[in-house]
Amino acid sequence: SDLNVYEYLKSRPDLSTFTKMVKSIGYDTVLTQNLTYTVWAPVNTVLEDVDLTDSVYVRRLVLNHISQFGYPTSVASRLKKPVLVLNNKLQNFSTTPAGTTFFDISTLAESDLAMKNGIVHILDYYSDYKKNFWEYIKETPDLDSLYKYINSLTIKELDKDKSYENTMFKDSVFKYTNYVFDNLAVLNSEDSVYTGV
């Protein structure tokens with residue numbers, strides 16, 4: 001197609017809800033740029049229960065369905081790791097005996113729609129936003145004391161290696177360390193699995 005990714009989304013009446021969500025977070029201009037994107041776009045019928053007034057959730061949901069770089073279905077079976085989407089989540093894009101899936105839910109409704117700046121796949125479901133361990137601790141009211149405690153272990157200090165060049169001070173560059181993140185578990189990383197009690 002001669003259309004860019006956003007123009008294509010906008011041209012499809014069955015994607016109007018997702019297109020509205022994309023525009024509400026300012027990604028209507030992002031998806032027109034000369035970069036390559038892959039969009040897994042859910043159809044209107046599956047987004048009926050999404051609260052479009054919850055701007056935080058809408059942003060998370062939209063970015064859960066967009067990745068930089070092109071991911072046609074032909075590479076799904078060869079991917080060694082999940083796809084990094086724009087909200088820094090890892091999403092499985094793989095081939096099963098039934099077909100190609102995104103987020104391990106169901107096969108794609110339509111696939112490999114080539115645009116001048118990327119690829120669009122159509123979904124008849126959506127990939128819900130899943131909080132990582134750190135997000136869960138941070139956003140759960142009953143765990144605020146745990147969040148505050150872990151956060152209190154963060155130490156800001158001058159990074160001497162980056163602040164000095166040939167023993168000459170060039171700039172104040174700081175680094176942050178935290179005993180929990182550095183020695184126990186990187187709770188905000190999604191390339192590991194943790195269990196908490």
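Q: What is a salt bridge here?
A: A salt bridge is a side-chain nitrogen of Lys or Arg within 4 Å of a carboxyl oxygen of Asp or Glu. The model is predicted: local features need pLDDT of at least 70, side-chain atom pairs count only at pLDDT 80 or more, and totals for chains, interfaces and linings use all residues. Residues are numbered from 1 along each chain as its sequence is written, and side-chain values use heavy atoms, with hydrogens and water left out.

Q: How many salt bridges does this rule give?
A: The count comes to 7 salt bridges.

Q: Which residue does Lys131 meet in a salt bridge?
A: The side chain of Lys131 meets that of Glu139, at 3.4 Å from N to O.

Q: Turning to Arg12, which residues are linked with it in a network?
A: Asp14 and Glu110 are linked with Arg12 in a network of salt bridges. Between Arg12 and Glu110 the N to O distance is 2.8 Å.

Q: Where do Arg12 and Glu110 lie?
A: Arg12 is in the loop between α1 (5–11) and α2 (16–24), and Glu110 is in strand β8 (residues 110–115), 98 residues apart. Helices (H or I, at least four residues) and strands (E, at least two) are DSSP runs, numbered from the N terminus.

Q: And what about Glu135, buried or exposed?
A: Glu135 is buried, and so is Lys89. The two form a salt bridge, with their closest N and O atoms 2.8 Å apart.

Terms used. Buried < 20%, exposed > 50% of the residue type's maximum accessible area, 1.4 Å probe, protein only.
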